[in-house]
Number of protein chains: 2
Amino acid sequence: MNETDFIAALRKLPLHDGARGLDDDCAVLELGSETLILTTDSMAAGTHFRSDADPFDIAWKLVATNLSDLAAKGAEPVGVLLNYSLSDKDARFLEGLAAILQEYDVPILGGDSITSNGKPTHSLTAIGRATCAPVPHRGGAEAGDAIYVTGTLGRAMLGFEGAAEHLDAFNLPRPRLAQGRALASHVSAMMDISDGLLLDCWRMASASGLAFALESGSIPVAADDRLDECIRWGDDYELLFTAPASASLPADATMIGTVQPADAAPLRLDREEISCVDGLGYQHK
Amino acid sequence: MNETDFIAALRKLPLHDGARGLDDDCAVLELGSETLILTTDSMAAGTHFRSDADPFDIAWKLVATNLSDLAAKGAEPVGVLLNYSLSDKDARFLEGLAAILQEYDVPILGGDSITSNGKPTHSLTAIGRATCAPVPHRGGAEAGDAIYVTGTLGRAMLGFEGAAEHLDAFNLPRPRLAQGRALASHVSAMMDISDGLLLDCWRMASASGLAFALESGSIPVAADDRLDECIRWGDDYELLFTAPASASLPADATMIGTVQPADAAPLRLDREEISCVDGLGYQHK
C-alpha cells in the first residue's frame, strides 16, 4: 500500500473522536479542563535523511517537525517520547536532541530504544497543551478571510542545495511555537507548511470547502527568480493561516491571498485555476 | 551504545517529572483532575520478530506489549498512536491491528506511516487514564508484603517452541488490563513480566530497596520439569505485584513469596541468594 491507502484503511478501524478522522496533523484529546495535542512523526535512513547526514541534524529535525505540528495548533509543548534505533552514531544524535530540547524547553517523558540490524528508523511523539479553544484546524477558513504565511519560503530548498546562508533552514528548522501560540486565538484555520505552500493551501482550501486565491507577487520567497519552486518545495515549517482581513495580528506574517467561495478548483494562483493536485508539492507515496 | 548506556545518557537531558527518571515502563502525566499514563514500544524485523512472522501477530504483539504496560498501572486505555513502516504485508498487519483494538476496545488517536527501504520498524504509543491514585509503580513494595503473579509462566516459551496449546501465549499475548484495573488500588507495587519473572522480581526488589524471597514450589509454571527456564523466559505479560499478605484480592493470582528487609542480595530463590543479575532473564543489549 502507499501512505494514502494505508491511512484510508486505518480510517475503517475504530478511531478516537480526537483523531479528527485522521485528516489533521494532530490529535486533540479533551481531558477535564485540559486539552492535549498529540502528534507523531517517523524518519527512516534513506527515505527521510541520507545515511551520511549529521545525526545532530537528524535529532533536531525529528523534534522540530513534531513541534511544528504543535505550533500550528497554538500548543505549548509538554514533553516528548522517543523511539530510537541504536547505531554507532548515538552520541552525536544525543547532542542534537539535547540542543533542540533545551532551545524550546521541552522535557523527555519516555521512550524506547532498540537494536536494529537494518537502516535506523526513529520516531517521536510530542504532547502539547492547547492554549486556546477552539484549537485551530485545517478546515476553519471562511470566505472573505485573508490568507497569511510566516517567514520566507524556499529557504529549506536553497539550504538543501548548499547555499550557506540557508543551510540551517534545511538542517535545523525552527518550529514557530511562539508565533503559533500568539496567533491561535486570532486565526480561522492554521497548519504548518511541511509539504510546500501550494499543496498545503490546496489541503486547507479543500478541508474548508472553499477556494484559495493566491497572489504570487505577494508571496515572500527566498529566490524571486525561482518562485515556482519555492512555493512547491517543502520542509520550510512556516505557518499558513487564515484570519479575517480586519484582524490585528500579534505576529509577523505576510498576506498572500484571500479565501473565496467554493469554486470549480480549490486553488487559484493569480488568474490561473489549479484543478489538479499533482505537482503542487511533496506528496507521500 | 547499548540500551542501558543510551538510557543513562537520556537521563542527563531535561526529563519531565512524569518520566519518573526513566526507571519505570510508563510516564505518569498529571493534568488537572486527570492522570494520563503514557508508554511506547518499538519492534524491528530481525530483532523483535522474524521476517517471516505473520504480520497479524506482529500488529497484535505491538499493541499487546504497550497495553500490558498500561495494565501494570491499572490504567484504562484511551487510545494509541502508530508509527508504521509500509511494506507488502500491510493488509495482514491491519487485520491484526483491527483484531486487538476491537478486542480491548481501544481507538486510534493518530500516527505516521512511512516508506522505508530497510527492514521495517514499527512503534506504538499507548495512552491510558489512571483509575486510582497513587498509580502503582515498581518501587512501592514493603517488607512483609506477599509477592504475587497472575496466570502461568513459561507458556510463551512453550508456544515459541511450537507447543500447539501455547502458541497463542507467544503470538497473541493477552494484556491483563481487567486484572490490572481490579488490582491497582490493592497493590503496593506492580509491573508486567515482559523479561522473565526472576529478572523482573530483581528489578522490583531493587526499586523498592528490599529483598524478594521466592518459593519455587509455589510459582505457577507451564512445565514443572523446566521451572528454571519458565521463570527466566520473558514474553509472558502476566502481572507481578506485591500486596499486604492480609489483602483480599479482586483478581486471581498466586502467592509466590514474601518481601523481606534489605539484604545482601535483592533476590532469594528458596534458600539460594541471587546476587548477580546476569542470566535471570532477557536483558536488552
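**The interface of chains A and B**

Display both chains as surfaces: chain B and chain A bury about 5,100 Å² between them, 68% of it on carbon and sulfur atoms. Buried area here is the accessible area (1.4 Å probe) that two parts lose on being put together, summed over both. Within chain B, select B:Phe6, B:Ile108 and B:Leu109, which supply 12% of the area that this chain buries against chain A, more than any other three residues.

The model is a predicted one, in which local features need pLDDT of at least 70 and side-chain atom pairs count only at pLDDT 80 or more, whereas totals for chains, interfaces and linings use all residues. Residues are numbered from 1 along each chain as its sequence is written, chains are lettered from A and ligands numbered from 1 in the order in which they are written, and side-chain values use heavy atoms, with hydrogens and water left out.

Next, select the residues in contact (heavy atoms within 4.5 Å) across the two chains. The selection holds 59 residues from chain B and 60 residues from chain A. Which kinds of polar pairing cross this interface? The rule finds 14 residue pairs in polar contact, both residues at pLDDT 80 or more. A polar contact is a pair of N or O atoms within 3.5 Å; within protein, one must be able to donate a hydrogen and the other to accept it, and residues adjacent in sequence count only if both atoms are side-chain atoms. Salt bridges across the interface number zero; the term denotes a side-chain nitrogen of Lys or Arg within 4 Å of a carboxyl oxygen of Asp or Glu.

Elements giving two or more residues to the side that touches chain A include α1 (3–10), α3 (90–103) and β5 (121–129) of chain B. The largest share of that side, eight residues, comes from β4(B).

Select B:Thr121 in strand β5 of chain B. Is this residue buried or exposed? B:Thr121 is buried, with a relative accessible area of 4%; buried means under 20% relative accessible area, exposed over 50%, and partly exposed in between (1.4 Å probe, protein chains only). Leaving aside neighbours within four places in sequence, the contacts of B:Thr121 include A:Ile114 and A:Thr121 in chain A, and B:Met43 and B:Tyr84 in chain B.

Move to B:Thr65 in helix α2 (residues 55–71) of chain B. B:Thr65 is buried at a relative accessible area of 10%. With neighbours within four places in sequence left aside, B:Thr65 is in contact with B:Asp41 and B:Tyr237.

**Helix α7 of chain A**

Select residues 197–208 of chain A, the twelve residues of helix α7. From first C-alpha to last, the helix reaches 16 Å, close to the 16 Å expected at 1.5 Å a residue; the expected span is 1.5 Å times one less than the number of residues. Nine of the twelve residues are buried, among them A:Leu197, A:Asp200, A:Trp202 and A:Ser208. Show what covers these buried residues: the list includes β7 (189–192), β8 (211–214) and β10 (254–260) of chain A. Just after the helix, A:Gly209 takes a positive phi of about 70°.

**Salt bridges**

The structure holds 36 salt bridges over all chains. Select A:Arg11 and A:Asp23, whose closest N and O atoms are 3.0 Å apart. A:Arg11 is partly exposed, at 37% relative accessibility. Then select A:Arg50 and A:Asp52, a salt bridge with closest N and O atoms 3.4 Å apart. A:Arg50 is exposed at 55% relative accessibility, and A:Asp52 is exposed at 63%.

**Backbone features**

The peptide bond from A:Ala133 to A:Pro134 is cis, with omega near -5°. In chain B, the bond from B:Ala133 to B:Pro134 is also cis, with omega near -5°.

Two further stops are non-glycine residues with positive phi: A:Leu22, near 60°, and A:Asp105, about 55°. A:Leu22 is buried at 15% relative accessibility, whereas A:Asp105 is exposed, with a relative accessible area of 66%.

Notes. Helices (H or I, at least four residues) and strands (E, at least two) are DSSP runs, numbered from the N terminus.
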